[in-house]
Amino acid sequence: MIEFKNVSKSFWTGKQRKVILDQASFRVELGQSFGILAPNGSGKTTIINMMAGLEKPDEGEIRRTSRVSFPLGFMGGVVSKLSAKENARYIAQLYGLDPDYIEAYTRWLCGLEEYYDFPLGTYSAGMRARFSFSLLLALDFDIYLIDEGMPQTTDAEFNRKAGDALRERLESATVIIVSHQAKTLEKFASSAGVLRDGQLYIFDTLEEAKQLYDYSTQG
Ligand SMILES: Nc1ncnc2c1ncn2[C@@H]1O[C@H](COP(=O)(O)OP(=O)(O)OP(=O)(O)O)[C@@H](O)[C@H]1O
């Protein structure tokens with residue numbers, strides 16, 4: 001479970017206060033994947049980062065009773081000078097997992113071939129995305145945090161494998177996904193919220209959330 005209680009967050013831009021969240025309260029239980037629809041620049045990444053514990057709220061409380069992942073695409077924990085193999089084994093140890101298993105799983109899923117043993121600094125953005133996604137799934141969390149959907153790589157084989165692996169993981173795990181597009185949420189979220197001007201409106205179904213979102217972004 002992850003819970004926000006009266007959470008507020010804003011940034012001072014030098015000219016004005018940009019409100020990301022104003023007194024938001026909600027709870028995501030295990031088994032109830034949740035999506036947030038929000039326009040670009042409204043605070044998707046900030047909210048996901050707060051869920052992961054990478055950013056602090058200004059006010060309020062965030063409670064986690066489950067193993068919550070780092071956000072998909074977050075590369076803060078990896079070292080560019082080291083290879084995917086070295087990073088995977090090191091991070092496995094930090095999480096108290098078997099390095100051989102984490103290495104074998106990520107090597108298989110990311111499909112980087114010989115580049116798996118090259119430093120991450122030599123990777124393209126797509127290759128980094130493939131490695132970070134593989135690592136996220138290898139680490140076995142209860143709740144996965146996804147900012148703007150799956151990595152859209154040009155490697156069709158990876159996209160298929162990654163989709164299958166995520167679906168399999170979601171049979172036992174929960175996903176929280178934030179996106180500016182309802183289409184991205186459709187595959188994953190059962191309930192959903194809409195973020196608009198710092199207010200988070202929660203709905204039991206994605207369909208209801210879509211109606212408000214379409215109305216507020218197109219109306
Ligand atoms: N540390 C910061 N200091 C000042 N402003 C910030 C800071 N971090 C984010 N912002 C501002 O807060 C707003 C929300 O940022 P955030 O990255 O969370 O939005 P987003 O919805 O994920 O954006 P995008 O859709 O472009 O990825 C933006 O206007 C951004 O410029």
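Colleague: What makes the crossing of α4 and α5 left-handed or right-handed?

Modeller: The crossing of α4 and α5 is left-handed, a term used if the near helix is turned anticlockwise from the far one by less than a right angle, with right-handed for clockwise. This is a predicted model, in which local features need pLDDT of at least 70, side-chain atom pairs count only at pLDDT 80 or more, and totals for chains, interfaces and linings use all residues. Residues are numbered from 1 along each chain as its sequence is written.

Colleague: Why is α4 called roughly parallel to α5?

Modeller: The axes of α4 (residues 125-138) and α5 (residues 156-170) come within 11 Å and cross at roughly 20°. Angles under 35 degrees count as roughly parallel, so α4 is roughly parallel to α5.

Colleague: Which residues of α4 and α5 meet?

Modeller: R130, F133 and L137 in α4 meet F158, A162, A165, L166 and R169 in α5, contact being C-beta atoms, placed from the backbone, within 7 Å. The residues of this contact divide into six nonpolar, no polar and two charged.

Colleague: What makes Q23 partly exposed?

Modeller: Q23 has 14 other C-beta atoms within 10 Å; 20 or more would be buried and 12 or fewer exposed, with partly exposed in between. Q23 is therefore partly exposed. This residue is in strand β2 (residues 17-28) and has a positive phi of about 55° although it is not a glycine.

Colleague: How do you know whether D197 is buried or exposed?

Modeller: D197 has 10 other C-beta atoms within 10 Å, so D197 is exposed. D197 is in the loop between β8 (191-196) and β9 (199-203).

How values were computed:
Axes are lines fitted to C-alpha atoms, for helices over the stretch in contact, and angles run from 0 to 180 degrees between N-to-C directions. Helices (H or I, at least four residues) and strands (E, at least two) are DSSP runs, numbered from the N terminus. Angles under 35 degrees count as roughly parallel, over 145 as roughly antiparallel, 65 to 115 as roughly perpendicular and the rest as oblique. Two residues are in contact if their C-beta atoms, placed from the backbone, lie within 7 Å. Ala, Val, Leu, Ile, Met, Phe, Trp, Tyr, Cys and Pro count as nonpolar, Asp, Glu, Lys and Arg as charged, and the others, Gly among them, as polar.
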